[in-house]
Number of protein chains: 2
Amino acid sequence: MPPSDARLENPPRSDAERGADLVDLLERAARIARDFVAREHRPVDPADRDPDRLRARLDLELGAAGRDGARVLAELETLLAATPSSSSWRFVNQLFGGREPIATVAEMLAVLPNVSMYTFKAAGAQILVELELVRHMAAKLGLDGAEGAFLPGGSLANLVALLVARDTAEPQARDHGVTPGRFTLYTSEEGHYSLPKNAGILGLGRDAVRGIPVDGAGRMRVAALAVALDRDRAAGRTPLVVNATAGTTVRGAFDPLRPIAELAHAAGAWLHVDGAFGATLALSSAGRALVDGIELADSVSWDPHKMMGVPLQSSLLLVARPGVLAASLDERADYLFQLHGDELNPGHRSLQCGRRNDALKLWAAWRRLGDDGWEARVGRQLELARLAAAKIDADPELELLEPPPSINVCFVARGVASDAVCDRLDHDGRLEIGWGDVAGRRAIRLVCVNPELDGRDLDAILDEVKRAARGLR
Amino acid sequence: MPPSDARLENPPRSDAERGADLVDLLERAARIARDFVAREHRPVDPADRDPDRLRARLDLELGAAGRDGARVLAELETLLAATPSSSSWRFVNQLFGGREPIATVAEMLAVLPNVSMYTFKAAGAQILVELELVRHMAAKLGLDGAEGAFLPGGSLANLVALLVARDTAEPQARDHGVTPGRFTLYTSEEGHYSLPKNAGILGLGRDAVRGIPVDGAGRMRVAALAVALDRDRAAGRTPLVVNATAGTTVRGAFDPLRPIAELAHAAGAWLHVDGAFGATLALSSAGRALVDGIELADSVSWDPHKMMGVPLQSSLLLVARPGVLAASLDERADYLFQLHGDELNPGHRSLQCGRRNDALKLWAAWRRLGDDGWEARVGRQLELARLAAAKIDADPELELLEPPPSINVCFVARGVASDAVCDRLDHDGRLEIGWGDVAGRRAIRLVCVNPELDGRDLDAILDEVKRAARGLR
C-alpha cells in the first residue's frame, strides 16, 4: 500500500463531478453575458465615469475572508456594468472597437484548456493553428516564407523588430552590449511612441531616433528621410532601422512604403513597417494601395485586435528572413524543449516564456470570414469613414479637417475646443471618443473601426458631439 | 438631412438584436465547454500527440472562402479535443495546472467589454480592480506602497525589473544607451533563462551575467555570490542586479533571500526576486519561511497564473520605490492620456501600450478565496508534494532524488532514463510530465501545482510512470 493521507483525499468523483463547480458557474455566467450584451449600448452612468465616486460605490477590497461563488459572480456583474464596452456604438475612442462574435467565443473557449504556446508538447493542436496563421498572413502581405511571432501588443512587436535588426547589424550585441552612439533610427513625427520607448529599452538610446517631418496629409516626407540618412552617414553613424508607419495613430495616415524601402535599403538599414493599425488594409482591394511596397519590408507588425475585431490581444510580428528571431531570443532550456523540432516549438522564437493563446480567436474569425470576408469587412470600415466625413463636411456645426486617409475621421466642432468636447462626453457617459493634434489643430478623432456601425449610428455619434459642443459654447 | 448611403444601413435593430449573433454562439459554446470539461481527464489520442498525423487529420487551412458560424464552432470543438487540458490530472508538465473556476469564468466575462488597461477613460472600473490587487499583493509581501505593473508573463516582468534597475543606476541610459562592460548581473545557475535573455535584450549583454553555483538543495551559494561581487568590483565593474530566485523552475528551490539581500545592498546592487513561481508562498504560513526577506527586495516578479490557478496570463512586477517604472517606460502620448491623474492611467508605467485585462480573473479568485483561502490552497499544494514524495520514497520501482523544496517532486524510475519515460508517456497520450536535471541526474519532475489532485490521482500518476518505465526496461 502506498502512503496515504486522509486530508488529501477528495470524495470519489467522476470526471463530470470534477468539473461540476465550473459548469455551474458557466451557466450562471451565460446569463450575465447575455444581459451585458443587451445593455452595452446604453449611456454609462456619469457616476461611473468619476473614479472617486466609482471607488466609493464599489466594494473592491481584498482581505482575509472569502465569499461564495454566487456572490462573487454578482460582484463581477456589477463591475462589468461599470466598465465601458468597446463594442458599444458609443465607444469610438481607440483603434479597436466592435467584435467578431466567433472570435469572442473562441477566446472564451481557449481559456478552458489554458495552454502555454511555447511547445507542441504543452499546446498540441494550438501550435498548428498558430503556424497556419503565420503562413497565411505572411502570404497575404507578399512575404511568403516569413517567420512570425505572436506578441502581446504592437509595441512589443515593434520592440522585437528593433531587437532583431540590432542583433543582425551587430551580432555581438546580444552577448557584449551595444556600441553607444553607433546606430540611428528613423520614424515619422506622427509615428507611434513605441519607437523611442523601445530604443530606450534596447540600449540604443532614445536620442538615436530621428523624427522625420510629415507632409500635409501626415505621411513621412521621403526627401526629409533621405537628408537625415545622408547626414547621419556623413557623421559616421549607421542607420539601423527605418520605421515606416502603415496607419498612424491619430490620423490613420500611411507612409509611402515603396520609396521609403528603397531609401532604407540603399542606406543598409532594416525596414520595419509598423502596421499594427493598418496592415489589415492589405486584405482589401480598396485599401491595398495604401500598403503598396509592404512586401519589401524586413519586418512588419500587425495587430488583428485592431481592425480585425478579435479580442485584445492578438499581435503578430512577421520577419522576412527566417532564423533571426531565434538568433536574438532563443535560450537553452532543456526542461522546456523536450520533443519535436524547433518549428513546432515557438518558444525558441518568442519574447516570452509562458505565452497565452492569442491565435485561436483569430483563426476562428478567419475561418468564419475567409479572405473574402475580410475584404468586405475592411471595405465597410473604409466606407463608413467616408460617409462620416461626408456627414461632417455637410454639417454647418462641424468642420472636417482632412479627407480620412483610411478610417480615422478628424474634425472639430466649430467654436469649441476639441478636448473640452471629448471630456464632456466622457464626463456625461454619452460617448467615448478621443482627441489628437492634426497639423497644429486639436481634432476630435472618430475611428470607424467597428463595422457593425451604420449610418444611423454615425448620425447618433455626431449628434452627441454637437449636443456636447452646444453645451460648451 | 445628413448624407446617407443605403449600403451602410443595417435594418433597424434593438440593442438586443445587435448582440443576437454573439448570444446565439455563446449558447452553443456553453455546450462545448461543458463537454470539454467532462472529457478533459481522458487520455489523449496518441495520433494527436504526433504533429504530422494531427496536421493530416485536421483541416486548418485559411483561404478565400468563409464558413458559417455553426461549422466554425464545430471545428473549434474538434480543435479543443486535440489540445491538452492543463486542468486534467494527467497534466503535471508545467508550473501551472488546474484552475480556480471563478477565475476561469471571470476571464471569459472580461472578453465581453474587451477593454485596454492603459487608462481609466478606456477601462473604467477595471483600473480600480488592478490598483487594488497591486496594493494588497504588495502588502502581503511586506512591500507596502510598492508600485506595480501587470505584464504578459514572468519573463517580461523580469525584463522590466532589469530595465528599471539599469535606468536607476545609469539614468542617462534611456536616452544615450548603456555603457558597455560597466554592469554585471548575478543569478544562480538554476535560475530562469530569462535573466541572460533579458540582459541581451536590454543592451547589457549576456556576458555580464554571472551564474552563481548552488548548494546541494539547489539554492544559490551565498558565499559564492560574495566572491563574485568582490571580484567584479575589484575589476572596476558595477554590480547592477542580484537576481534571487524564489522557486527555481526544475527543483522548486528557494534562494536564501535575506543574506542575499544583505550582500546585494552592501554592493550597491538592485535586489530582484524572481518569484514568478514561488512568491505565492508568501500567502501561506507553511511556506512563508521560504520567502523570508522578500520584503527587502527592490522588485519582485509574481505570476498568479502559476500557483494561484488563474488562466494564463497574470503576472505582476512590484517595485519598492514608486516612480521608477514611469522613469523607464513613460512616453508623451496626448492622444491617449487625456483625463485623470497618472495613478489611474497605468499606461504610464506599462511596457505595453494596448494591454489586455489580466487583473479581473485574479481579483475574482481573491474575492472567492480571501487570504485565508490562499493559505489553505497553498498548504494543500505543499502537502500534496510531501505525500507524492512519500509515495515515491516507499516505492521500490522509484527513487526520490530529494525532499521537495516546495511543490516540485523530482524522482527517477529505477533503471530507465527519465527523458525516455516522459517521451513515452507523451507519445502514448497517457500523461504530460517533464524532466529536468537535478544535481547531475536527469529527473522526472512532478509539479504538484493543481490542488484539485488528491492521493488517488498521485497514485494514478505514479502508476502511469511505472507502466511506461516497465515498457522501456
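User: Where in chain A is A:Gln313 found?

Analyst: This is a predicted model. A:Gln313 lies in the loop between strand E7 (299-302) and strand E8 (315-319) of chain A.

User: What kind of peptide bond runs from A:Leu312 to A:Gln313?

Analyst: As a general idea, most peptide bonds are trans, and most residues other than glycine have a negative phi. The bond from A:Leu312 to A:Gln313 is cis, with omega near -5 degrees.

User: Which residues of chain B does a cis peptide bond join?

Analyst: B:Leu312 and B:Gln313 are joined by a cis bond, and omega there is about -5 degrees. B:Gln313 sits in the loop between strand E7 (299-302) and strand E8 (315-319) of chain B.

User: Now phi. What is the value for A:Asn114?

Analyst: A:Asn114 is not a glycine, and its phi is positive, near 50 degrees. The residue is placed in the loop between helix H5 (101-110) and helix H6 (120-123) of chain A.

User: Is A:Asn114 buried or exposed, and why?

Analyst: The cut-off for buried is 20 or more other C-beta atoms within 10 Å. A:Asn114 has 26 other C-beta atoms within 10 Å, so it is buried.

User: What about A:Ala439 and its phi?

Analyst: A:Ala439 has a positive phi of about 50 degrees, although it is not a glycine. A:Ala439 belongs to the loop between strand E11 (432-438) and strand E12 (441-447) of chain A. A:Ala439 is partly exposed because 15 other C-beta atoms lie within 10 Å.

How values were computed. Residues numbered from 1 in each chain as written. Chains lettered and ligands numbered in written order. Predicted model: local features only at pLDDT ≥ 70, side-chain atom pairs only at ≥ 80, totals over all residues. Helix = DSSP H or I, 4+ residues; strand = E, 2+ residues; numbered from the N terminus. Buried ≥ 20, exposed ≤ 12 C-beta atoms within 10 Å, placed from the backbone.
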